[in-house]
Amino acid sequence: MRLSDLDPLIPLNELREELLKLPKGYSFYEDELVDFLSRRRWPESERRIDRTTFWRWRMDNGIEHQKVFSRLDVLKLCQICDHYRVDGTRSEYLAIMKKKKEVVLNK
């Protein structure tokens, strides 16, 4: 499966289901992922996410510097992409992630 075959605005829960159908260890290359995220971020235009933004999104999600990405990485990056698509800010996203980590640690 290629990400380009999917509707870029597929809801996260449906995307998760599609990704779970893939073989364990399946990965995506950076260029394909950036193309998909760009179409998800700006579905009405040909704009492209720049490399600096992509790196920042990876860092904000704790994704190591790499050229191939797991299914979980794709979901994390789509989540942050959706946050920015609805005019969310970086500080809001980081606060959400911090709360999620606190909930996990307190369990």
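Guide: In this predicted model, the largest nonpolar core comprises 26 residues, and those with the most contacts inside it are Leu 15, Leu 33, Leu 37, Phe 54, Trp 57 and Val 74. At least two residues of this core come from each of helix 1 (12–20), helix 2 (30–41), helix 3 (51–60), helix 4 (71–85) and helix 5 (90–106). Helix 4 gives the most, with seven residues. Leu 33 illustrates the packing: leaving aside residues up to four places away in sequence, Leu 33 touches Leu 3, Phe 54, Phe 69, Val 74 and Leu 77. In soluble globular proteins, nonpolar side chains tend to be buried together.

The structure holds eight salt bridges. In one of them, Asp 82 meets Arg 40 at 2.6 Å, N to O. This pair links distant parts of the chain, since Asp 82 lies in helix 4 and Arg 40 in helix 2, 42 residues apart. Arg 40 counts as buried because its relative accessible area is 1%, and Asp 82 likewise counts as buried because its relative accessibility is 15%, the cut-off being under 20%.

Asp 82 also forms a salt bridge with Arg 85, at 3.0 Å, N to O. Asp 82 and Arg 85 are three residues apart in helix 4, so about one helical turn separates them. Arg 85 is partly exposed, with a relative accessible area of 29%. Elsewhere, Glu 30, Arg 51 and Lys 67 are linked in a network of salt bridges.

Note on methods: Residues are numbered from 1 along each chain as its sequence is written. This is a predicted model: local features need pLDDT of at least 70, side-chain atom pairs count only at pLDDT 80 or more; totals for chains, interfaces and linings use all residues. Side-chain values use heavy atoms; hydrogens and water are left out. A nonpolar core is a set of buried Ala, Val, Leu, Ile, Met, Phe, Trp, Tyr and Cys residues joined through side-chain atoms within 4.5 Å. Buried means under 20% relative accessible area, exposed over 50%, partly exposed in between (1.4 Å probe, protein chains only). Helices (H or I, at least four residues) and strands (E, at least two) are DSSP runs, numbered from the N terminus. Contact means heavy atoms within 4.5 Å. A salt bridge is a side-chain nitrogen of Lys or Arg within 4 Å of a carboxyl oxygen of Asp or Glu.
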